[in-house]
Amino acid sequence: MEWFGSTLGEINTFLYSYLLIILLVGVGLFFTVKTGFIQFRLISDMFKVITEKTPRDESGKKGISSFQAFTISAASRIGTGNIAGVATAIALGGPGAIFWMWMIALIGGATSLVESTLAQVYKIKDHDTGLYRGGPAYYIEKGLNKRWMGIIFAVVITFTYGFVFNAVQANTITIAFEESFGTNRVVVGIIIAVITGIIVFGGLKRIVSVTQIIVPVMAVLYIIIALLVVIINITELPNVLMLIIKSAFGFEEAFAGLLGAAIMNGIKRGLFSNEAGMGSAPNAAATASVTHPVKQGLIQTLGVFIDTLLVCTATAAIVLLSDAYLQSDAASVNLTQVSLAENLGEWAGIFLAIAVFLFAFSSIIGNYYYGETNIEFINESKIGLSVFRIFVVVFVLFGSIAKVQIVWDLADLFMAIMAIINLLAILLLWKIVKQVIQDYVVQRKQGKDPVFYKKNVSNLGDVECWGEEEKSRLH
């Protein structure tokens, strides 16, 4: 096991330090340039489409709204990494790491738009629920005609998100509660597992009803606390911003030796916090009922910006407006906790434990859905789905009480494989998504509310939705 663990660590170091960073940054820059910096040009559209009314289906029923699909992806995207990951980036790479996190979010916005637009184009309708589902496995099969490749992706994301990441999130919750309240990890783990079971066995509608409440509330509360820290230290804010920028380019003497570490940690933590290009968020994007695929692409890009530019920056403000990162050996969630306590008092530790619970539990729900939609891609058996749900609950309980380093390393490896498959797929489908984006932009310039039909794009492949028969419900 020791040899296995060290070998796994070496493989992950190569993947995350070199191959994946080059791929993700390169693909992000490619799509940014090719789309004419669409993530900045259409930023006003992001706020407009997120509040749009949901189109009704043929029977008059409403599906999942744009906002609800946004909260499903945000539930998984905004997690403990926003609290612990940012603190770790600062501890290892200095304040300059935050600047590179911002940069990678701005670049990754284009990748997120492309993959989520494709998820909408190739989504399918679930015959039992009447709701949409889709994601990379679906657009790999239908757009590239490679079901075998889609199955590999589906297996990898199911294991990574459905099982392992949920075990890690549950582990974070029970440790935070044990440290803050002295609670028994087994008892807390059982409670989390039971609540998880109730929600996941309730289906997509119940998942949506939970995430659309938890996600906005937790994000707003956390940002308010960060703003409180900023207000208390308002005179120091200009110095902190200058510190971030100077450190990012090695101009700050105290952190000059960390230039490479700042870039590496900022990019790594940024990429895997906002998940742009990872192939996870498209699974949520596909659930939305919208009149044009690009609308959900824009909304998921907004999710990348909110994750990094707001929530991660909130953690950075908390950490850098204290001296804890210079004086403490803490390098993860405990660094954020120490920094909060230094600014606001000991009660802040209790708040952070609750925040960790909200962030981590919502991630469990979002992660579960990514597994569910891919299990249904492999096989639509209800028995298979029920078995998957049971295993999700078991892994939540397991993670609550166990040390999961080896499993976490395995998840990192699987997540890397998942990202590589997805990035190759969306590059191969660029000619398709380019036409879809052009269709949206042309209609928008004509003053229309863009509506998409599959006949508008050539060589689409196997597309189930977006036919003329949907015209009546879209208007």
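Visitor: What makes Ser76, Tyr161, Gly162, Phe165, Asn166 and Gln169 contacts of Asn367?

Guide: Contact means heavy atoms within 4.5 Å, and, leaving aside neighbours within four places in sequence, Asn367 is in contact with Ser76, Tyr161, Gly162, Phe165, Asn166 and Gln169. This is a predicted model, in which local features need pLDDT of at least 70 and side-chain atom pairs count only at pLDDT 80 or more, while totals for chains, interfaces and linings use all residues. Residues are numbered from 1 along each chain as its sequence is written, and side-chain values use heavy atoms, with hydrogens and water left out.

Visitor: What makes the pair Asn367 and Asn166 a polar contact?

Guide: A polar contact is a pair of N or O atoms within 3.5 Å, where, within protein, one must be able to donate a hydrogen and the other to accept it, and residues adjacent in sequence count only if both atoms are side-chain atoms. The side chains of Asn367 and Asn166 are joined at 3.2 Å.

Visitor: How do you know whether Ser322 is buried or exposed?

Guide: Its relative accessibility is 4%, and therefore Ser322 counts as buried, although the residue lies in a loop, between α14 (293-320) and α15 (324-327).

Visitor: Which polar partners does the side chain of Ser322 have?

Guide: The side chain of Ser322 reaches the backbone oxygen of Val319 at 3.1 Å, and a polar contact of 3.3 Å joins it to the side chain of Ser339.

Visitor: How many helices and strands does the protein have, and what makes each one count?

Guide: The protein has 21 helices and two strands, where helices (H or I, at least four residues) and strands (E, at least two) are DSSP runs, numbered from the N terminus.

Visitor: Why is the protein called as compact as a globular protein of that length?

Guide: The radius of gyration, taken over C-alpha atoms, is set against the globule rule of 2.2 Å times the number of residues to the power 0.38; the value is 22 Å, close to the 23 Å that the rule gives for 475 residues, so the protein is as compact as a globular protein of that length.

Definitions and conventions
Buried < 20%, exposed > 50% of the residue type's maximum accessible area, 1.4 Å probe, protein only.
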